[in-house]
Amino acid sequence: MRGRGHLAVVLGAALTLSFACGSTVVGEVDDEGGDDPTVWLTVGDPVVPAVDDFLGPFSDDGRSRVVDSANGASVLLAHESELKPLAAWFHDTFHRCGGFATHESLEAAVDAITAQPGDTGQPDEPAGLLAGEPAAIKRMLPAIDKTRILATIMGLSSFSTRYYTSSTGVDAANWLRDRWTQLAAGRSDVTVALFPHAGWAQPSVMMTIRGQDLPDEYVVIGGHLDSINVTGGTTAPGADDDASGVATLTEVARVILADGVKLRRSVVFIGYAAEEVGLRGSNEIADQWAAESRNVRGVMQLDMTDYKGSAADIVLFTDYTSATMTDALQNLAGNYLPELVISRDACGYACSDHAPWFQNGFPTVLPFESQMEEYNPNIHSSGDTLAFLGNSTDHALKFARLGLAWVVQQARVFGTTAPGVVRIAQVAYDAPGVEGYGEFVELYNTGGAAIDVGGWTLSDNLQSRTLRAGTQVPAGGWLTLARNADGFTALYGQAPDLARSVPPLANTADTLTLRNASSTVVDQVSWETTGWQITAGPGQSIIRTSPGGADSNTVSDWSVVTADPH
Ligand code: BES
Ligand code: ZN
């Protein structure tokens, strides 16, 4: 395939050079002859002025160094003798590895920034198949848990190094395999396996959720599990690079598996081995999948998600990625995560595991933690720790949400147009200030179609209220019922969906029952009573932690939070 040969040259050369950073100088450089041959560099547009300034004029004729630009990257003219000082300058100035690639011909350089082998079209799905999708995504998004992301980063970064030839690098792969195996417990449709590599010890790790409808079509989300230290010191915790990406996609997997959503396509989660030494794990996997002519719907790479270096929340990289799929990802974020600020940038070179996929013709996306010039300054050193990330996963959380929405959208939800069930999802029974004023109850619809709850009743130990005819709980959404419209609005700054629909709720020992129009009990919750040791004080509510998940009807489904109506 076009582009493959090019990447092989890039990676092959990268490995033979002696710079500490794998990709600092790539491409085949001809050392023969006494003159100083011309080479063509590709760099990300944001650094072009600085590079231009450092190199000075290319020749006496005042010719511009920049000969072409596309997709956020540019081709610059240089002399071969300038490469070594440029590499050193890059490292000193940006404190980073990589940053430019070298090409032996103008054609190869232009090809590198313009070729879009993975920018393949995405045929539309029949509309009827999509009805359940927004509900499923909205239902699962709140389940993403940043503390679980933290725990996975902690686990991975506690190996002294995850370098691809080290024994602890192998241990880390096994650890991840074991974590994923736990998540997949009891699921016959999920396989977790190591993907061994012939040339080095560390395996890649793969988890596949088999599609219910189109099992031979794949949605891939990956990050690299290896780490590297090129700056001295003995450890390579790689908390941000790239325990963060692996932890982010692990949380996506956890929520999809816990929810039990049925997906049409197969979803493959990958922890790649040996990324830091030339994308070697992903190169083998993408090559193999291309050789097997696998049908890949899309590939998302998560490499560094937890350092907020820029004003933007998520930066979509435009090189070695599909423009079509990147635009679609930005739309998806706008729909489901409108609070996120999204911007664009480019790596300027094949900087991570999306590149081999792209070069093999598979569409890729790369949401990154910052603008290229503002990423975590501690990567590839013993300082890439969770502590440097403030022991926080607030930033990675955004990527997990985006990753979840993307995976579900790409894999497509199967069979959820069927109606779901209504559950009591939140109860604020001890309102601050005037008691009956701020009490509210929220109902949740687990399915893909709205449910009419007109004539249903909510009753507790004292009284009962009947829901007005025509009242609906939206698909995959909430219905907020209040005792008093004015009180609720004053407390929460928003109007309830329906007022006078909640009976007076006792501050101790009470049971709330939801019955449908034929008086059948649909759901029930109790508080501060036998078997229900749960207490929400004034301003708090009890919430069902996974309203879309299985209903065990026990207190363990519930927890106490600050009252927060949808
Ligand atoms: N996570 C980095 C890539 C990266 C760094 C992307 C900074 C954006 C900003 C990755 O793990 C890495 O270090 N890649 C190598 C390239 C590879 C071919 C050895 C690099 O950038 O040197
Ligand atoms: Zn990385």
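A residue counts as buried when its relative accessible area is under 20%. The structure is a predicted model.

**Exercise 1.** Determine how many residues of H8 are buried, and describe the span of this helix.

*Solution.* Step 1: apply the cut-off of under 20% relative accessible area. Of the 21 residues of H8, 20 are buried, so the helix is largely enclosed by the rest of the structure.
Step 1: consider the span. From the first C-alpha to the last, H8 reaches 28 Å, which is close to the 30 Å expected at 1.5 Å a residue.
Step 2: look just after the helix. There, glycine 260 adopts a positive phi of about 80 degrees.

**Exercise 2.** Identify which residues coordinate the zinc ion (ligand 2), and classify the site.

*Solution.* Step 1: list the donors.
Step 1: locate them along the chain. The donors follow the spacing H-x16-D-x61-D. Histidine 224 belongs to strand S7 (residues 214-224), whereas aspartate 241 belongs to helix H8 (residues 239-259); the two are 17 residues apart, and the pair links distant parts of the chain.
Step 2: Histidine 224 and aspartate 241 are both buried.
Step 3: inspect the angles. Six octahedral donors would require opposite donors over 155 degrees apart and all other angles between 65 and 115. The angles among the six donor atoms of the zinc ion (ligand 2) run from 56 to 168 degrees, and the site is irregular.

**Exercise 3.** State which residues are closest to ligand 1, and how much of its accessible area the protein covers.

*Solution.* Step 1: survey the surroundings. Ligand 1 is surrounded by 20 residues, the closest being Glu275, Glu276, Asp303, Tyr349 and His380.
Step 1: examine individual atom pairs. An N or O atom in the side chain of histidine 224 is 3.1 Å from an oxygen atom of ligand 1. A nitrogen atom of ligand 1 lies 3.1 Å from a polar side-chain atom of aspartate 241. For cysteine 351, a polar backbone atom is 3.1 Å from a nitrogen atom of ligand 1.
Step 2: On its own, ligand 1 has 510 Å² of accessible area, of which the protein covers 97%.

**Exercise 4.** Decide whether threonine 513 is buried or exposed, and name the partner of its side chain.

*Solution.* Threonine 513 lies in strand S21 (residues 510-515).
Step 1: compare its relative accessible area with the cut-off. The value is 6%, so threonine 513 is buried.
Step 2: find the partner. The side chains of threonine 513 and glutamine 524 are joined by a polar contact of 2.7 Å.

Key
Residues are numbered from 1 along each chain as its sequence is written. Chains are lettered from A and ligands numbered from 1 in the order in which they are written. This is a predicted model: local features need pLDDT of at least 70, side-chain atom pairs count only at pLDDT 80 or more; totals for chains, interfaces and linings use all residues. Side-chain values use heavy atoms; hydrogens and water are left out. Donors are N, O and S atoms within 2.8 Å of the metal (3.2 Å for Na, K and Ca); water is not among the atoms, so sites may look incomplete. Four donors count as tetrahedral if all angles lie between 85 and 135 degrees; four count as square planar and six as octahedral if opposite donors are over 155 degrees apart and all others between 65 and 115; anything else is irregular. Helices (H or I, at least four residues) and strands (E, at least two) are DSSP runs, numbered from the N terminus. Buried means under 20% relative accessible area, exposed over 50%, partly exposed in between (1.4 Å probe, protein chains only). The expected span of a helix is 1.5 Å times one less than its number of residues. A residue is near a molecule or strand if one of its heavy atoms lies within 4 Å of it. A polar contact is a pair of N or O atoms within 3.5 Å; within protein, one must be able to donate a hydrogen and the other to accept it, and residues adjacent in sequence count only if both atoms are side-chain atoms. Accessible areas come from the Shrake-Rupley method with a 1.4 Å probe; for residues, only the protein chains shown count as cover.
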